[in-house]
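Dear colleague,

My findings follow after them.

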Amino acid sequence: MAITAQKIAEIAGVSRGTVDRALKNRPGVNPDTKERILKIAKEYNYKPNLIGKALAYSNHSVKIEVILNSVGNSFFDEIKRGLFAAKEAYSDYGLEINLTEVKGYDSKTIIDAIDNLPNDVKNLILTPVDDSKVVNKINELVEKGVNVVLLSSDVTDSNRLTYVGCDYLKSGKVAGRLVGLLSNGNARVCIVTGNTLHKGHRLRVEGVCSIANQYDNIKIIDVVENNDDNDVAYKTMKSVLTKSPELDFVCITAGGVSGTLKAIEESGRQIKVCSFDDTEVTREALLSGDILATVCQQPYEQGYNSVKSIFDLVVAKQEVESYQYTNLYVVVDQSI
């Protein structure tokens, strides 16, 4: 006989979200639990009822507004590719995406973009900053019935539907371990970050420091911000190099990679560098030896899964997890 995903959850004694992840082969499910769920689904001949839903949505659209602070930041290229791949995958269900791109981490810019949304907005994917005014704006939208997905950056004390992105503290710890391994536990380090209004950037710095502090001969001599802007990154790194002759390791935890590397190259000094993300800039730098390793976070999947979260909630009527962390992995020159 036919069975629903909710009924499978009740029989298996797990949540609806766990059943959804198991049936769709998504990570985060205990292998024994997954095996039990799949066995129940097979026994009861489970089939997802999506054809009828596609027909139901064929005469109207599910509109998703997207606001990204992506101008000048190549990391978001893959996020946007994931967003529109998901739109294409769910096109039968009437999904439409309207993308607004802004630059930097100014809370007013983001709030203005939110204020310019259509009055009938029901679904929003947003890269926010961790500012109380932005959080209040998010909570106002939620109170009005808007489904808010935070993408790539979370905030404190918001009522958002879900966060889709990197576990920033963990990723910072990965980078901290890279600093230790690549320096043989002996380094004078500058951490280059984007902006402290980005909660993830703060957590990454915290993660790097927590691991670096485990080494007796690693010292964090400076933490600088560049707002993910290459011009700012270049000037900031030039200043650090001038005032810190002992500096021999740079850990770039956000954007501004090419500007930072340009300043290091011009200095003529032998400085080891690790970074974040698999972009055209970091790939070229890995191949040239200017970067030794980079920590990646699956931006394509972040973009795709943010749209999927709206689909799961609005169309499939499924539970959406509060946190959806993407996988972390390290890329070196031989990985390319």
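I125 sits in strand β3 (residues 123–126), where helices (H or I, at least four residues) and strands (E, at least two) are DSSP runs numbered from the N terminus. Please note that this is a predicted model, in which local features need pLDDT of at least 70, side-chain atom pairs count only at pLDDT 80 or more, and totals for chains, interfaces and linings use all residues. Residues are numbered from 1 along each chain as its sequence is written, and side-chain values use heavy atoms, with hydrogens and water left out.

The surroundings of I125

With a relative accessible area of 0%, I125 is buried; that term means under 20% relative accessible area, against over 50% for exposed and partly exposed in between (1.4 Å probe, protein chains only). Not counting residues up to four places away in sequence, I125 touches I64, E65, V66, I67, L83, V149, L151, S306 and V307, a contact being heavy atoms within 4.5 Å. From I125 to S322 the separation is 197 residues in sequence and 14 Å in space, C-alpha to C-alpha.

Strand β4 (residues 147–151) pairs with β5 in the parallel sense over three bridges, two strands being paired if DSSP finds at least two bridges between them. Within this pairing, L150 has Y163 of β5 as its bridge partner. β5 is also paired in the parallel sense, over three bridges, with strand β11 (residues 323–325), and there G165 has Y325 as its bridge partner.

β6 and β7 run parallel and are joined by eight bridges; T193 stands opposite E225 in β7. Together with helix α9 (residues 199–212), β6 and β7 make a right-handed β-α-β unit. Right-handed here means that, with the strands pointing away from the viewer, the path from the first strand over the helix to the second runs clockwise.

V224 belongs to strand β7 (residues 217–225) and counts as buried at 10% relative accessibility. Its C-alpha atom is separated by 5.1 Å from that of V192, which is 32 residues apart along the chain. Leaving aside neighbours within four places in sequence, V224 is in contact with C190, I191, V192, T193, T236 and V240.

Strand β6 (residues 186–193) also pairs with β8 in the parallel sense, over four bridges. I191 has C251 of β8 as its bridge partner, and V192 has I252. In strand β8 (residues 249–252), F249 and C251 point one way and V250 and I252 the other way, and all are buried. β8 and strand β9 (residues 272–276) run parallel and are joined by three bridges; in β9, C274 is the bridge partner of C251. A right-handed β-α-β unit is made by β8, helix α11 (residues 257–267) and β9.

Cavities

A search of the whole structure finds two cavities of 30 Å³ or more. On a 1 Å grid over the protein atoms alone, a cavity is a set of points where a 1.4 Å probe fits but cannot get out, and lining residues have an atom within 4 Å of a point. Grid points are joined across faces, edges and corners, and a volume is the space filled by probe spheres set on the points.

The largest cavity has a volume of about 80 Å³. Its lining includes G17, D20, R26, D312 and V320, and α13 supplies the largest share, four residues. D312 lies in helix α13 and counts as buried at 4% relative accessibility. Leaving aside neighbours within four places in sequence, D312 is in contact with D20, K24, R26, K317, Q318 and V320.

The second largest cavity holds about 60 Å³ of space. N69, V71, N73, K103, G104, Y105, N227 and D228 line the second largest cavity.

With kind regards

Methods:
On a 1 Å grid over the protein atoms alone, a cavity is a set of points where a 1.4 Å probe fits but cannot get out, and a pocket is an open set with protein on both sides within 12 Å along at least five of seven lines; lining residues have an atom within 4 Å of a point.
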